[in-house]
Amino acid sequence: MRGRILAIAGSDSGGGAGIQADIKAITALDGFAMTAITALTAQDTCGVHGVLPVPPDFVTAQMRCVMDDIGVDAFKSGMLGHDGVINAVADMIATRPDVPYVLDPVMVAKGGASLLHAAAVAALTTRLLPLATLLTPNLPEAEVLLGRPVRAHGDMRRAALDLRDMGACAVLLKGGHLPGDELVDVFVDSDGTVESFTSTRVRTAHTHGTGCTLASAIAAGLGQGMALPAAISRARAYLYRAIMAAPGYGHGAGPVNHAVDITT
């Protein structure tokens, strides 16, 4: 089963994150990528230099036409920008309650620029979280959603459980912002069972788009019929190889290599 994955996110002119990363990751894992673009960004490895939002009704139009014609096996959303787009996306996803949905709550770019207006956090929490099969925040995003710091591995279990209690079916809390050679992600499933995924940290500056890539890779697995833990495991393995093979482009946080083969 190839899997038809609808990625809803902003465009990254640098090609390392956003819709471009979504398309590359889904394709690398043998899914079929479709898109609804929420914003254009003038962006490179050093940061976001400008954002041009797409009107909510046109985001809806993009989603509706591909859903009605091609169909969809999984949704993934990233940068949404403001509450108008969030509400439009929620309205469309709610029409397909049986389709898995991976919500990457993109709030801050790698370079520090805000990508989600503060007023939109409430809309994301009330409209999108209850629809999400999986929420994939990093630690700064978790802190915004929870309204408290998450600064140590010992804080992550409670934070992941509390995020799940906010409405998502399951949560993968990513621990990459914490120091140390071991990278730990905490997964809480729909039953409240907690599991840790661990890997060795790759010491590199070239991690632009890793959150987008991971969420899209998980969505590809769900759209192909994989169980959630298996989809997460495959996606993490794919991302690890993509980071290891990063081409070293740009003067800042460069992109990973989405074209890596995980079958060997």
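I looked up Ser13 first: not counting residues up to four places away in sequence, Ser13 touches Thr41, Ala42 and Gln43. Contact here means heavy atoms within 4.5 Å. I placed Ser13 in the loop between β1 (4-12) and α1 (18-28). Helices (H or I, at least four residues) and strands (E, at least two) are DSSP runs, numbered from the N terminus. I also checked Ser13 against Gly84, 71 residues apart along the chain: their C-alpha atoms are separated by 23 Å.

I note that this is a predicted model, where local features need pLDDT of at least 70, side-chain atom pairs count only at pLDDT 80 or more, and totals for chains, interfaces and linings use all residues. Residues are numbered from 1 along each chain as its sequence is written, and side-chain values use heavy atoms, with hydrogens and water left out.

**Helix pairs**

Axes are lines fitted to C-alpha atoms, for helices over the stretch in contact, and angles run from 0 to 180 degrees between N-to-C directions. Angles under 35 degrees count as roughly parallel, over 145 as roughly antiparallel, 65 to 115 as roughly perpendicular and the rest as oblique.

I took α3 (residues 83-93) with α4 (residues 120-128): the angle is about 10° and the axes are 9 Å apart. That makes α3 roughly parallel to α4. On the α3 side I listed Asp83, Ile86, Asn87, Val89, Ala90 and Asp91; on the α4 side, Ala120, Ala123, Leu124, Arg127 and Leu128. By class, this contact of α3 with α4 has seven nonpolar, one polar and three charged residues. Ala, Val, Leu, Ile, Met, Phe, Trp, Tyr, Cys and Pro count as nonpolar, Asp, Glu, Lys and Arg as charged, and the others, Gly among them, as polar.

Next came α5 (residues 139-146) and α6 (residues 153-165), at about 55° with axes 11 Å apart. α5 is therefore oblique to α6. Their crossing is left-handed; that is, the near helix is turned anticlockwise from the far one by less than a right angle, and clockwise would be right-handed. Leu139, Ala142, Leu145 and Leu146 of α5 meet Met156, Ala159, Asp162 and Leu163 of α6. I counted seven nonpolar, no polar and one charged residues in the contact of α5 with α6.

Last, α7 (residues 210-223) and α8 (residues 228-244) pack at about 140°, axes 8 Å apart. They are therefore oblique to each other. The crossing of α7 and α8 is right-handed. Residues in contact include Thr210, Leu214 and Ile218 of α7 and Leu228, Arg234 and Tyr238 of α8. The classes in the contact of α7 with α8 are twelve nonpolar, three polar and two charged.

**Pocket**

I found 14 residues lining the second largest pocket, with Gly14, Gly15, Gly16, Thr45 and Pro255 nearest its centre. The lining divides into four nonpolar, seven polar and three charged residues.

Terms used:
On a 1 Å grid over the protein atoms alone, a cavity is a set of points where a 1.4 Å probe fits but cannot get out, and a pocket is an open set with protein on both sides within 12 Å along at least five of seven lines; lining residues have an atom within 4 Å of a point.
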